[in-house]
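Please look over the sequence and the model shown here before reading on. The paragraphs after it are meant to be read with the structure in view.

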Amino acid sequence: MSSDRTVVVNVDDHEPARYARGRMLRLAGFTVYDAGTGEEAIQLSAERQPEVVLLDVHLPDIHGGEVCQRLKNQEDSPIVIQLSASAISAPQATAALNRGADAYLIEPIDPDVLVATIRAFLRLRNAERALAAANRELSEKNIQLQSLNRALMRSNEDLEHFAYVASHDLQEPLRNISTHIQFLERVSAERFDESERRVFSFVVHGARRMSALISDVLRYSRVGRDLPTLKPVDLSEVVDWVLANLSESLAEAGASVTTEGLPSVSGDFVQLGQVFQNLLGNSLKYRDPRRPLHVEISAEPDASADWLIRVGDNGIGIPAEYLDRIFRPFKRLHGYEIPGNGIGLALCRRIVEGHGGRIWAESTPGEGTTFLLTLRPAQAAASQD
Ligand code: ADP
C-alpha cells in the first residue's frame, strides 16, 4: 500500500520513543517530520501542512491539549491523534477529544494498529472531502439551476405578455378591415364579375380566419395570465352546463352522453367548463359517420388520491404518433373541412395544468378516443382557503 505523499508530524519530547515511532512510520511509507516541543509541532505543521499529527500529551513547553486546539483551529486542519505514555482517566481522554482530537491512544501501541488507525482516519478524511466537493458541486448546480429557472420564467412571462398584447392590439385593425369588407360587400358585390367575386370571397374568408385565430391566441394567453381561483366545484354541474350549451348540436348528431360518479374537485367553474366544452365539442366534430356518437364521462380516484376523469368517445380515433402532439397550440390533424384552429386541446392542457393536474389521450383509430385528466379533490381546495 503506498502512502508516500501522506505527511505525518510526529510530536514527542521523549527522543527514543519519537525515533522508534518515526522509523516505523517511514517504513510504512509515510513522509515523517519529527518535533520535540509544542512550538516546534505548530511551526512544522504550518510549514508542511501534514495530513496527520501524532501528538504526545506531555510536552515541555505547551500542553498537548492546547497544541491540539491550536492545530484544530486552522482551516483544513490535520487529523490529530493524541498519544499518552501513561494510562489516563476517562474525563481526561474526554477533555482531549472535546478539544478536537480525532482519537486518543494509550501507549504501548502496537505499530500495526497505529498505522491501520492512521489509514482508517485518512480514508474517512478522503470520504469527507469527496462528500464536501460533491456538496459544493451540487449547490453550485442548484444556484445555476435557480438562475436558469428565473431566466426561463422571465422569458416565459415576456412571451406571454407579447402574445397577449399582440393578439389584443391586432384585433382592432382587423375589426376595421372586416367592417370595410362588409361595407364593400354591401355596396359593390352585385357589380363584381365572377373572378372578382372569387377574389373577394378569399378576402372575406381570410379576414374571418385571421379574426378567429387572433381571438384563439388571445383566449390561450388569457388562460396563462389569469391563474384560476380554486374553489370546490361540482363536476356534474359543470358537465350539465356544457351539455346544455351543446344540446342542439348533440341532438342534431343523435349523440348520447352518459356520466358516472362525477365528484367535486378543486377548480375554477368557468375554466373547467371550457375543458369539457372543448372535449365534447371535439367528440362531436370527430365522430364516426358510420355510427351514432356515444360519449362516456366517468371518474375514479387515482393512485395519488386525485380524481382521474375519463371522457371517452366512439369517434374516428387518433393515430398513436399524434397523441402527444395534438396538445400543442395550432396542431391539427385535419384540413378546414372540419372547422377549428387547433387551440382547443392546448387550452385544455393549460387549464388542467393550471389546476395542478395532467391531461393526456388514449385512442384506437377507428374505434374511439379517451381523454384522461387528473384534478385535485375539493377537500384540498377547502383546506387551502
Ligand atoms: P381543433 O379541433 O380546433 O383542430 P384541438 O386542439 O381541439 O383543435 O384538437 C387538435 C386535433 O386533435 C384535432 O385537429 C383532431 O385531429 C384531434 N382530435 C381532438 N379530439 C379528437 C377526438 N375526440 N377524436 C379524434 N380526434 C380528435
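This is a predicted model: local features need pLDDT of at least 70, side-chain atom pairs count only at pLDDT 80 or more; totals for chains, interfaces and linings use all residues.

Residues are numbered from 1 along each chain as its sequence is written.

The domain assignment of the protein chain gives domain 1 as residues 7-109, domain 2 as 154-225 and domain 3 as 231-384. Such bounds come from an automatic or database domain assignment. Between the C-alpha centres of domain 2 and domain 3 there are 28 Å. Where these two domains touch, 7 residues of domain 2 are in contact with 9 residues of domain 3; two residues are in contact if their C-beta atoms, placed from the backbone, lie within 7 Å. The side of domain 2 that touches domain 3 has 4 nonpolar, 1 polar and 2 charged residues. In this classification Ala, Val, Leu, Ile, Met, Phe, Trp, Tyr, Cys and Pro count as nonpolar, Asp, Glu, Lys and Arg as charged, and the others, Gly among them, as polar.

Next come the strands and helices. Both are DSSP runs numbered from the N terminus, with at least four residues for helices (H or I) and at least two for strands (E). Two strands pair if DSSP finds at least two bridges between them. Strands of a sheet pair through backbone hydrogen bonds, either parallel or antiparallel.

Strand β1 (residues 7-11) is joined to β2 by 5 bridges in the parallel sense, and V9 stands opposite Y33 in β2. Together with helix α1 (residues 15-27), β1 and β2 make a right-handed β-α-β unit. Right-handed here means that, with the strands pointing away from the viewer, the path from the first strand over the helix to the second runs clockwise.

Two loops hold backbone details to look for. Most residues other than glycine have a negative phi, and most peptide bonds are trans. Q49 is not a glycine, yet has a positive phi of about 45°; Q49 is found in the loop between α2 and β3. The peptide bond from E107 to P108 is cis, with omega near -5°, and P108 has its place in the loop between β5 and α5.

Strand β10 (residues 307-313) pairs with strand β12 (residues 368-375) in the antiparallel sense over 6 bridges. V311 stands opposite F371 in β12, and the bridge partner of G312 is T370. β11 and β12 also run antiparallel, joined by 6 bridges, with T364 opposite G368. Their hairpin has 3 residues between the strands, and G366 takes a positive phi near 90° there.

Which residues come nearest to the ligand? Of the 23 residues around the ligand, these are N282, L333, G340, G344 and L345. A residue counts as near a molecule if its C-beta atom, placed from the backbone, lies within 6 Å of it. The shell around the ligand divides into 8 nonpolar, 11 polar and 4 charged residues. At least two of its residues come from each of α9 (269-285) and α10 (344-354), and α9 gives the most, with 4 residues.
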